[in-house]
Amino acid sequence: MMRKQSVIVPEELAVTTVMAVVADPAAHRSALLQPRSSALGVRCARYKRFLSQLDMGSGGGGGARISAWVDSMRASSPTHVKAAAMLSASFAASHDEDYNNRVKQHPSALSVFEDIVAASKGKQIVVFLDYDGTLSPIVDDPDRAFISNAMKETVRDVARHFPTAIVSGRRRDKVFSFVRLRELYYAGSHGMDIKGPTKRTKHTKAKTKAVLFQPATEFLPMIDEVYKALMEKTKLIQGSRVENNIFTLSVHFRCVDEKIWSSLAELVRSVLKDYPKLRLTMGRKVLEIRPSIKWDKGKALEFMLESLGLADSGNVFPVYIGDDRTDEDAFKVLHGRRQGLGILVSEVIRETSARCSLRQPAEVQKFLRRLVEWKRSASLPRRTEARKK
Ligand SMILES: [Mg+2]
């Protein structure tokens, strides 16, 4: 039950704990009084339930789910996180314990790197990368989410050795304007707008035409209409921003005063009420509007494997790295196929279908570099062996 008014615990508690409090304040307070290990179990269970309540199905999105989402954003906003850092030592220790527990379940892809390459032996690795929060840091102005030169070089090297795709909620041309590597696949609008490499690589077959796939074109006029309505209705809300991703829309909360997050969310929901064919999903400080077709980042992953001729192959090892809730669809596909590896990029505890984790873009870069170096040395076995002797 969401009873946000009854939250008594101070707001500045650590992120995971506040989320648990939102799910069930009474149970959480009693959990805090229990020995630490058992309290951790209770918190994890509450957190899982909280997330399942947050999951958006179809339709315009219920008010309770939206207010739960706003609460969870407040809990993870910088002011609260900073305050959380000043908490008592005992509480900080229990937060570390949460983190350590998660790392046990979803080990760092860097620490199990050797196991990963061993599992990929004899298989074609295909690399899928989310953009925001995975290759670039999350910043206040989405237009300034630049990729560093070092990361760009790393992605270029990855694409030299493996078929590589960027899968983002943003519009495809926007992601391309940041990355500017023609040798990649780009899947924009959560995979609803896919384009293959325009520069030939050793992975592209000479005779194949550049892939272009857009499963939701019929929704374009409707999305445009909603875009105009949202622009009009949100123009007085300071800091709010509606981004037109062509096949989807994003309403950004990053620069909006958190006191009016609920009003903005409610406003978005009220616009959506008249469009039952569109649905609302929730990301990191962003509400997203998209066609209610069965298409997501997971389907996009499968489509790209197919266009590489690898869909039915047992000899493919897809690696998908992402930080967003929408990346879970891709993690689930890999989990279901029992193939490859999902890697969640996250600093805080979270329920995920990814098998491994990395903390932030810097670790993503480290992992990708190791992958490139491993491939380079693997393709020069004799020289490497000779050097060892
Ligand atoms: Mg992301």
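In strand S9, glutamate 288 is the bridge partner of serine 250, and the strands concerned, S7 (residues 249-252) and S9 (residues 286-291), pair in the antiparallel sense over four bridges. Strands here are DSSP runs of E with at least two residues, helices are runs of H or I with at least four, both numbered from the N terminus, and two strands pair if DSSP finds at least two bridges between them. This is a predicted model, in which local features need pLDDT of at least 70 and side-chain atom pairs count only at pLDDT 80 or more, whereas totals for chains, interfaces and linings use all residues. Residues are numbered from 1 along each chain as its sequence is written.

The open sheet has four strands in the order S6-S7-S9-S8, with antiparallel pairing. Strand S6 (241-244) and strand S8 (278-283) stand at the edges with a single partner strand each, so one side of each is left without a neighbour in the sheet.

Elsewhere, strand S2 (residues 164-167) runs parallel to S3 and is joined to S3 by three bridges, and alanine 165 has tyrosine 185 in S3 as its bridge partner.

In helix H4 (residues 63-75), the buried residues are Ile66, Ala68, Trp69, Val70, Asp71, Met73 and Ala75.

Methods: A residue is buried if 20 or more other C-beta atoms lie within 10 Å of its own, exposed if 12 or fewer, and partly exposed in between; C-beta atoms are placed from the backbone.
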